[in-house]
Amino acid sequence: MANVAIIGAGPAGLTAAYHLAKHGVPVKVLEADEWQVGGISRTINYKGFRFDTGGHRFSSQSDRVAGLWKEILGDEMIEEPRSSRILFGGRLYSYPLKPVEVLMNLGLAESVRCGLSYLKARAFPEKDPRSLEDWVTNQFGSRLFRILFKTYTEKVWGMRCKEISADWAVRDGVHCPRLGPGMMWERCAERVRRMGGEILMGHEVSSCSWNSEVRQWRVECRTAGGESKIVQASHIVSSAPPKEFVASLRPVVSGRTLYAAQSLRYRDMLTVGLILPESGRFAANWIDVHEPSLLVGRIRNYKSWSLGMAPDPAYTCYGLEYFCNRGPGLWSFSDEDLIALAKKELEQAGLARAADVVDGCVIRQPKAYPVYHKGYAAHVATIREELQENYPTLHLVGRNGMHRFLNQDQAIKTALLSADDILTSCGLHDVGHVNQDAGYPEPGPECDQQEVCVGQLAPGK
């Protein structure tokens with residue numbers, strides 16, 4: 001029987017562990033974090049108030065994925081109306097955009113200019129849209145792109161829209177766990193343990209050595225206490241970012257593949273959680289902030305996802321998300337300075353007075369989003385080609401593991417399909433096709449596979 005080492009206790013890693021353990025396969029999950037599972041989908045409990053690292057809706061066209069969520073959480077999965085807004089020029093716009101609302105907010109003269117720009121774009125579109133700017137301009141016209149898309153997108157990714165691949169622009173009732181998305185993965189981890197699987201917290205992988213003669217992996221980890229631990233496995237399922245993971249492989253990958261991995265880029269994120277009295281001024285799930293004068297990229301109202309996110313009905317909790325890169329700048333700010341900045345910007349956005357905020361916390365999430373910079377696809381293809389050829393029982397899954405911007409349900413699907421391959425040795429699932437516009441090919445009914453992938457312009461929706 002196969003035994004499997006799983007790197008990362010996020011949605012993809014824990015899904016793979018759950019599915020394999022359910023079928024009697026011995027699994028060991030290796031997670032660098034000492035305390036919390038869930039990866040970017042974890043929920044932080046701060047004095048009874050719950051803050052997510054981004055907002056994660058649970059929505060899927062796959063009966064299999066939806067059934068998994070129901071199996072794990074049951075009645076703890078609740079449904080709330082989906083509601084999002086765009087903040088620009090001191091006004092809120094519905095998302096997706098409503099033409100009449102845009103007309104009223106922009107005024108007649110600007111709306112006419114946007115309309116003419118749209119007609120021009122439809123009559124003379126960019127025939128080969130390679131950048132995000134090209135794609136959005138084709139859809140909405142250059143003027144509306146500059147007004148309602150450019151500022152926010154560049155705030156999120158920290159690069160010009162001309163530098164972002166058009167692959168980012170995929171086409172477009174909210175379900176969520178009662179106590180936030182982290183509740184799903186905490187419950188999943190509990191079930192894995194009850195089925196005999198091991199979840200080793202505070203275990204950071206340092207090397208993965210493949211012995212082709214005996215078809216076995218030797219995974220070396222360092223514990224939080226500095227000790228070394230060896231795990232033997234016949235398969236590895238990895239949701240770790242290739243930028244670091246590829247360098248840990250033995251035999252060493254080619255220079256070309258190592259260069260491709262080192263060329264991949266990521267965007268980090270800070271979430272400043274604020275606690276304040278409930279005022280009813282902010283009822284949407286989130287607001288995308290397109291105001292150039294504000295550093296915050298998105299503001300979440302956790303209580304609008306679930307009343308369980310706030311222990312006292314007289315109070316609410318917001319999350320202000322700042323997209324940045326590790327190093328100088330926002331990432332290096334102290335927690336106190338970040339909370340002060342968030343309070344000031346919340347007031348500037350017209351959502352509350354800074355003086356109303358009674359407490360706050362900061363959540364730091366490195367490598368929150370893989371960046372679709374120009375050339376990324378070729379680098380990913382180079383990595384996948386060599387790993388598939390030289391490491392036949394290595395399975396890359398999830399958003400970071402595959403360096404693809406997958407919605408949560410798509411990340412889960414990559415894990416389920418990879419686990420299927422381990423269980424059946426059918427080798428029919430090319431999970432690299434998940435999240436591609438053409439959907440996912442059907443290899444056969446025994447694989448229980450169905451879905452057309454969907455996505456959106458803004459991360460985390």
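Buried here means under 20% relative accessible area, with exposed over 50% and partly exposed in between (1.4 Å probe, protein chains only). This is a predicted model, where local features need pLDDT of at least 70, side-chain atom pairs count only at pLDDT 80 or more, and totals for chains, interfaces and linings use all residues. Residues are numbered from 1 along each chain as its sequence is written, and side-chain values use heavy atoms, leaving out hydrogens and water. Helices (H or I, at least four residues) and strands (E, at least two) are DSSP runs, numbered from the N terminus.

**Helix α11**
- Tyr376, His379, Val380, Thr382, Ile383, Arg384, Glu386 and Leu387 are the buried residues of α11.
- Their cover includes α8 (242–245), β14 (249–250), α9 (255–263), β20 (394–396) and α12 (398–402).
- The helix has 15 residues (376–390) and should span 21 Å at 1.5 Å a residue, so the 22 Å between its end C-alpha atoms agrees. That expected span is 1.5 Å times one less than the number of residues.

**The largest pocket**
- About 1,100 Å³ of space sits in the largest pocket. A pocket is an open set of points on a 1 Å grid over the protein atoms alone, where a 1.4 Å probe fits, with protein on both sides within 12 Å along at least five of seven lines; lining residues have an atom within 4 Å of a point.
- There are 41 lining residues, and Glu31, Ser239, Ala240, Pro241 and Asn400 are the closest to the pocket's centre.
- Two or more lining residues come from each of α1 (11–22), β2 (27–31), β10 (203–211), α8, β19 (359–370), α12 and α13 (408–424).
- β19 gives the largest share of the lining, with five residues.
- By residue class, the lining splits into 15 nonpolar, 17 polar and nine charged.

- Asp288 lies in strand β16 (residues 286–289), and its 1% relative accessibility is why Asp288 counts as buried. Its side chain makes a polar contact (N or O atoms within 3.5 Å, one able to donate a hydrogen and the other to accept it) with the side chain of Tyr152, at 3.3 Å.
- Met309 is in the loop between β17 (298–301) and β18 (315–324), and counts as buried because its relative accessibility is 2%. Met309 and Leu179 are 130 residues apart in sequence, yet 5.7 Å apart in space, C-alpha to C-alpha.
- Glu110, in helix α4 (residues 108–123), is buried with a relative accessible area of 15%. Beyond its neighbours within four places in sequence, Glu110 is in contact with Arg143 and Ile147, contact meaning heavy atoms within 4.5 Å.

How values were computed
Grid points are joined across faces, edges and corners, and a volume is the space filled by probe spheres set on the points. Ala, Val, Leu, Ile, Met, Phe, Trp, Tyr, Cys and Pro count as nonpolar, Asp, Glu, Lys and Arg as charged, and the others, Gly among them, as polar.
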